[in-house]
Amino acid sequence: MPKNVKDLTKFYLELDKRWTAHNYKPIQVVIEKAKGIWVWDVNGKKYMDCLSAYSSQNFGHNNPKLVKALKKQADKVILTSRAFCNDAMGKAAKKLCELTGYEVFLPMNTGAEAVESALKIARKWGYEKKGVDENKAEIIVCENNFHGRTITIVGFSTDPDAYEGFGPKTPGFKVIPYGDAQALEKAINKNTVAFMFEPIQGEAGVLIPPDGYLKEIATICRKNKILTIADEIQTGFYRTGLLFASGHEAIKPDMTLVAKAVGGGVFPVSGVLSSWEIMDVLTPGTHGSTWGGNSLGMAVLEAVCDLVKEANFGEISTELGKFFVDGLKRIQEKFPKKIKEVRGKGLLVAIELFDKARPYTEAMKNHKPVGLLAKETHEFSIRFAPPLVVTKADLSWALEVIEEVFDEVN
Ligand SMILES: *Cc1c(COP(=O)(O)O)cnc(C)c1O
């Protein structure tokens, strides 16, 4: 704790502002401590976390079982690199594959790395197994996608903030409207190797495709020998009520990408789940990551797999999600000039406003004595995605705060 500082929040915000790049515009709260759905700022004020680090904290901040696994492994060995083997990776990958029904796991660290890995695998599969001409492979993606921040990924983003100033764009990607299966059929040609999509677009503001879309795209891709790549980095691990959001239409994509919640909110873990027929295009030396498959992350991954088998996060997400959406719809009825739409699946929920959302998220943060932390996405929407250890009583309280804020802010 710094001495002789009057305003602790200001002190830390100024440090950030002076010493770190300005690539975010965070809500002005400085968090010092967390447990479950709650966080505390440097002044000891308590808040309910309704963002969950973009669904990384599905199992609650500092989940005791996950922290225990992390500490236990940290005392043994943390990182060996893949030049050697460790006793945590295989065990964790086996549990993850058994849980998800996939044959093989490629471990990486962050979401963008999982996406990049899948794109590399899809291209190589296209050349080696589909017979696409050298350097001609095409991958189809959707408008309003969010798949991360690498130079290739932002090249196929349709958000100017993400791509402007970062050209030239990596070739070999085609963008089609989201939720439109016919557009996919039209965009396919003999060089198409994969279609990558989010089963629900989280960053775009929780956009849910029309019923039947996932089934249709899966059929189209199978018919044309094109790989389906589901980016479940935000939607996975019970956020929308099922282990994967693809499950809502019972499809099994050729590759499923995991990150965020799969690290239990305690350590970055990501990767690609697939079949051997696809994954075996990767051979020694063709792909890698120094930290990918590290003992610490893999111990956490194994603990996450054990945790979700013991708990009923799916039911909580489905039932409480419905309760929360119904409550938000009642608030919308009360403020029809402020709230344009309420939408969600499980506990991945958003409200779209007619006005800019920032004043509302600020007011939720400022609510006394306990605040509520949510973040606007794309200026006009507010996403609510509390940890899945939330209770009905917690959500009732959150609804009261939200209603109060809509009453106050003009
Ligand atoms: C967060 C996210 C990513 C990128 O993950 P990082 O760990 O931030 O690189 C990719 N896809 C989706 C759908 C995401 O929500």
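Predicted model: local features only at pLDDT ≥ 70, side-chain atom pairs only at ≥ 80, totals over all residues.
The protein has 14 helices and 15 strands. Its radius of gyration is 22 Å, close to the 22 Å that the globule rule gives for 410 residues, so the protein is as compact as a globular protein of that length. Along the principal axes, the C-alpha atoms fill a box of roughly 65 × 55 × 45 Å.

Of the 410 residues, 55% are buried. The accessible surface comes to about 19,200 Å², and carbon and sulfur atoms account for 54% of that surface. Contacts across the sequence can be described as well: among those with a separation of 6 or more, 74% are between residues 24 or more positions apart.

Charge is the next topic. The protein carries 54 positive and 51 negative side chains, and the centres of these two sets lie 3 Å apart. The structure holds 20 salt bridges, and three of them are described here, beginning with the pair K95 and E302.

In the salt bridge between K95 and E302, the closest N and O atoms are 2.9 Å apart. K95 belongs to helix α4 (residues 89–100) and E302 to helix α11 (residues 295–310), so this pair ties together parts that are 207 residues apart in sequence. K95 counts as partly exposed because its relative accessibility is 23%, whereas E302, at 15%, counts as buried. Both residues also belong to a network of salt bridges that links K91, K95, E302 and D306.

A second salt bridge joins K334 to E403, with 2.7 Å between the closest N and O atoms. This pair, too, links distant parts of the chain: K334 is in helix α12 (residues 313–334) and E403 is in helix α14, 69 residues apart. K334 has a relative accessibility of 48%, so it counts as partly exposed. E403 is partly exposed as well, with a relative accessible area of 29%.

E341 is partly exposed, with a relative accessible area of 38%, while R343 is buried at 11%.

A charged residue can also be without such a partner. Helix α14 (residues 392–408) contains D394, which is buried yet has no salt bridge. The nearest side chain of opposite charge is that of K46, 7.8 Å away. A salt bridge requires a side-chain nitrogen of Lys or Arg within 4 Å of a carboxyl oxygen of Asp or Glu. Leaving aside neighbours within four places in sequence, D394 is in contact with I37, W38 and M48.

S55 has a relative accessible area of 1%, so it is buried, the limit being under 20%. What does S55 contact, leaving aside its neighbours within four places in sequence? The residues in contact with S55 are Q234, R239, K260, A261 and A385.

Notes:
Residues numbered from 1 in each chain as written. Heavy atoms only, no water. Helix = DSSP H or I, 4+ residues; strand = E, 2+ residues; numbered from the N terminus. Rg over C-alpha atoms; globule rule 2.2 N^0.38 Å. Buried < 20%, exposed > 50% of the residue type's maximum accessible area, 1.4 Å probe, protein only. Contact = heavy atoms within 4.5 Å. Areas by Shrake-Rupley, 256 points an atom, 1.4 Å probe, with all protein chains shown as cover. Lys, Arg positive; Asp, Glu negative; His and termini not counted. Charge placed at Lys NZ, Arg CZ, Asp CG, Glu CD.
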